[in-house]
Amino acid sequence: MGIEEIILVGVAAAALAFILAKLHLARWEAVLIAVGGAAAYLVLRATIMDLRQAFTSVVFLVAYTLIALERLHKTTVAVAGAVVMLVTGLVTQQEALHGHGEIGGVDWNTIFLLIGMMIIVNIMRQTGVFEWVAIKSAKLGRGHPVAIMILLSVATALLSAVLDNVTTVLLTVPAALLVCEALSINPVPMLMCIILSSNIGGTATLIGDPPNIIIGSAGHLTFLDFLRVDLPVIVLAMVAFSLTIKLVMGKRLHVTEEHRRLVAQFNESEAITDWKLLRRSLLVFGLTLVGFCLHSVLHLEMATIAMTGAALMLIFYREGPEEALRDVEWPTIFFFIGLFVMVSALVKAGIVTLLGTAVLNLTAGNLTVMTLFVLWFSALASGLIGNVPFTATMTALLHSMAASLHPEATDFAVAAHAPNVYPLWWALSLGACLGGNFTLVGAAANLVGAGISARAGHPISFARFMRYGVPITLQGLLISSLWLWLVFLR
């Protein structure tokens with residue numbers, strides 16, 4: 001590495017600091033990120049990395065840092081990072097969009113599965129069925145705040161298992177605020193339980209949490225696979241979570257008889273605004289879930305089944321496609337696309353292979369150590385930088401490890417499902433999804449729920465979230481460790 005390269009790094013760092021300072025970052029943040037990126041590049045170049053590897057790593061690390069800080073919109077950062085990778089030739093457009101060799105490119109199965117499910121949920125939302133579920137849960141609790149908290153948490157977990165957890169939080173948190181207002185209690189504990197249970201419940205199925213969608217596609221795992229492996233863990237985790245709510249909150253929350261009667265007077269039937277659309281929506285949604293379970297028999301990809309369900313929903317929806325498509329979370333879709341492009345550049349540069357080799361050396365190839373390492377490291381990393389970007393990177397790492405351990409496999413599905421690789425996918429699934437509860441930035445559902453709470457006058461700080469989230473995450477990880485050991489490792 002010559003003096004010219006060092007000068008170029010300094011100029012690039014100054015330019016990056018200037019650009020970031022012109023955006024929404026404070027000047028000291030912009031300088032710190034730029035200097036950190038330059039230092040990281042110089043350190044990486046001084047080790048075993050060549051110029052391409054060092055530059056790709058720094059672009060990726062800077063993008064991750066900006067995503068974690070959340071001072072810029074994560075979609076803006078991901079798309080900008082992808083553009084840098086493409087413009088500088090770190091990955092070609094053909095490789096990024098269609099894949100080539102070990103480079104997976106954008107996982108279109110994941111993208112269109114997300115779009116299809118978003119369309120289905122957006123149309124179902126118009127019927128009021130989700131508000132009905134929340135109000136019915138509150139009434140079943142008969143005005144007892146702890147019982148309502150447990151029932152709403154269980155209902156949220158069930159909804160998150162068949163919807164995505166962000167949508168579930170958007171639907172259940174406003175209803176919980178209404179219940180808390182009627183009971184005249186502080187809503188934060190109940191809202192926290194709903195947010196945490198959305199991440200727990202979403203872990204149970206392939207479609208419940210975005211990390212699982214990525215893992216299922218990358219690891220060739222079916223909807224039934226998730227029901228067989230993840231669902232039992234989540235049932236145990238929700239039982240433990242419910243018992244924790246009762247033990248911790250049982251002596252803290254008390255309401256008057258008058259407030260309890262107010263909740264009993266809620267009429268859940270009034271929440272349903274379109275019975276005809278509801279019946280059709282439930283039929284299509286049920287058929288879609290059946291399709292997911294039978295997709296290997298039908299020889300159809302999950303995205304094809306989701307888009308078929310979305311097409312049927314659009315046919316039944318009288319308002320036309322504009323409204324349903326407008327409410328699709330397009331920023332989330334492009335966030336995923338940007339991440340996939342950046343990860344493709346990492347794979348092409350050989351960085352993922354280097355990391356895979358390091359993990360194998362660190363764990364000495366011991367399956368038990370590797371599985372528990374992936375589980376706990378995934379949870380911690382997901383809590384720090386968000387479970388979606390971490391999972392997008394980690395699936396590429398597991399892909400590389402599977403290829404290294406089984407170079408003779410002609411079909412990647414064979415390598416991915418080998419006995420010394422297969423448990424790692426489930427460790428990643430449980431670690432990334434449950435790890436979303438570690439911190440406020442661990443999962444998108446956390447930020448959405450906290451935002452709604454803040455707008456209602458009840459802000460949830462980073463530290464306050466961790467007081468609830470850390471114990472519940474550790475509880476779930478301990479249960480997951482025991483389950484993985486019993487099923488795969490003993």
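A: Let's begin with charge: Lys and Arg count as positive and Asp and Glu as negative, leaving out His and the chain ends, each placed at NZ of Lys, CZ of Arg, CG of Asp or CD of Glu. On that basis the chain has 26 positive and 27 negative charges, whose mean positions lie 10 Å apart. This is a predicted model, in which local features need pLDDT of at least 70 and side-chain atom pairs 80 or more, while totals for chains, interfaces and linings use all residues. Residues are numbered from 1 along each chain, and side-chain values use heavy atoms, without hydrogens or water.

The chain has 25 helices (DSSP runs of H or I, at least four residues) and zero strands. The C-alpha trace spans about 80 × 55 × 50 Å along its principal axes. Of the 490 residues, 56% are buried, meaning under 20% relative accessible area with a 1.4 Å probe.

Leaving aside residues up to four places away in sequence, Leu113 touches (heavy atoms within 4.5 Å) Leu206, Ile207, Ile213, Phe292, Met302, Ala303 and Ala306.

Across the chain, 79% of contacts between residues at least 6 apart in sequence join residues at least 24 apart.

Terms used:
Helices (H or I, at least four residues) and strands (E, at least two) are DSSP runs, numbered from the N terminus. Buried means under 20% relative accessible area, exposed over 50%, partly exposed in between (1.4 Å probe, protein chains only).
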